[in-house]
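Trainee: I would like to go through the labels used for this model and ask what each one rests on.
Mentor: Go ahead, and we will set each value against its cut-off.

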Amino acid sequence: MTQSLFTQTIRQKLLANGARSAAGEHIDPVPVVKLFTPAANATWLLTEIDPDNPDIAFGLCDLGLGCPELGSVSLKEIERLQGPLGLPVETDQHYGETRRLSEIAKLARRAGSVSA
């Protein structure tokens with residue numbers, strides 16, 4: 001599961017953030033990973049994975065419909081997705097965001113899409 005989406009380092013960072021949230025800490029991290037559909041305008045900027053349910057990630061989700069939102073998503077479902085050309089979801093290997101998730105979400109809501 002999710003072996004094709006995350007390196008071990010990325011997975012560990014996502015789980016560490018998830019553990020902090022599960023412990024009741026209020027966090028606003030920089031997204032750890034960006035996933036996207038090459039031909040369908042969907043983007044996920046993920047900050048954490050639920051340590052009790054490692055299929056569930058949290059972050060900014062933009063399905064390309066003009067209303068990006070913060071929320072949880074199933075990693076299994078993301079892995080099964082294919083765009084209109086049959087291309088699977090990919091990990092942006094060059095992603096290097098420095099802004100916190102709340103700032104990116106605010107800008108994305110205003111613009112109607114994620115531009116990170």
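Trainee: Why is R20 called partly exposed?
Mentor: The model is predicted, and in it R20 has a relative accessibility of 34%. Buried means under 20% and exposed means over 50%, so R20 at 34% counts as partly exposed.

Trainee: What makes R20 and E25 a salt bridge?
Mentor: Their side chains meet with N to O at 2.7 Å.

Trainee: How many salt bridges does a search of the whole structure find?
Mentor: Three. Another one of them pairs K34 with D92, at 3.8 Å from N to O, which is still within the 4 Å limit. This pair links distant parts of the chain: K34 lies in strand β1, D92 lies in the loop between β5 and α3, and they are 58 residues apart.

Trainee: Is K34 buried or partly exposed, and on what value?
Mentor: Buried, because its relative accessibility is 13% and the cut-off is under 20%. D92 has 21%, so it is partly exposed.

Trainee: What makes R99 and E97 a salt bridge?
Mentor: The closest N and O atoms of R99 and E97 are 2.7 Å apart, and the limit is 4 Å. R99 has 26% relative accessibility and therefore counts as partly exposed. E97 has 17%, so it counts as buried.

Trainee: Why is T47 called buried?
Mentor: Because its relative accessibility is 1%, against a cut-off of under 20%. T47 is found in strand β2, residues 43-49. Setting aside residues up to four places away in sequence, T47 touches L14, N17, P29, V30, P31, V32, F58, G59 and L101.

Trainee: What makes a group of residues a nonpolar core?
Mentor: Its members are buried nonpolar residues joined through side-chain atoms within 4.5 Å. The largest such core here has 17 residues, and F6, L14, L35, W44 and L46 have the most contacts inside it. At least two residues each come from α1, β1, β2, β3 and α2, and β2 gives the most, with three. In soluble globular proteins, nonpolar side chains tend to be buried together.

Trainee: Which residues is L35 in contact with, leaving aside its neighbours within four places in sequence?
Mentor: L5, F6, A42, T43, W44, L46, I78, V89, E90 and T91. There is also a second, separate core of eight residues, and L45, L60, Y95 and V114 are among them.

Trainee: What is the volume of the largest pocket, and which residues are the closest to its centre?
Mentor: The volume is about 160 Å³. The lining has 13 residues, and I27, D28, F58, L70 and L101 are the closest to the centre. β2 and α3 each supply at least two lining residues, and α3 gives the most, with four.

Trainee: How many residues of each class does the lining of the largest pocket have?
Mentor: Six are nonpolar, four polar and three charged. One point of bookkeeping is that Gly counts as polar and Pro as nonpolar in these classes.

Key: Residues are numbered from 1 along each chain as its sequence is written. This is a predicted model: local features need pLDDT of at least 70, side-chain atom pairs count only at pLDDT 80 or more; totals for chains, interfaces and linings use all residues. Side-chain values use heavy atoms; hydrogens and water are left out. Buried means under 20% relative accessible area, exposed over 50%, partly exposed in between (1.4 Å probe, protein chains only). Contact means heavy atoms within 4.5 Å. On a 1 Å grid over the protein atoms alone, a cavity is a set of points where a 1.4 Å probe fits but cannot get out, and a pocket is an open set with protein on both sides within 12 Å along at least five of seven lines; lining residues have an atom within 4 Å of a point. Grid points are joined across faces, edges and corners, and a volume is the space filled by probe spheres set on the points.
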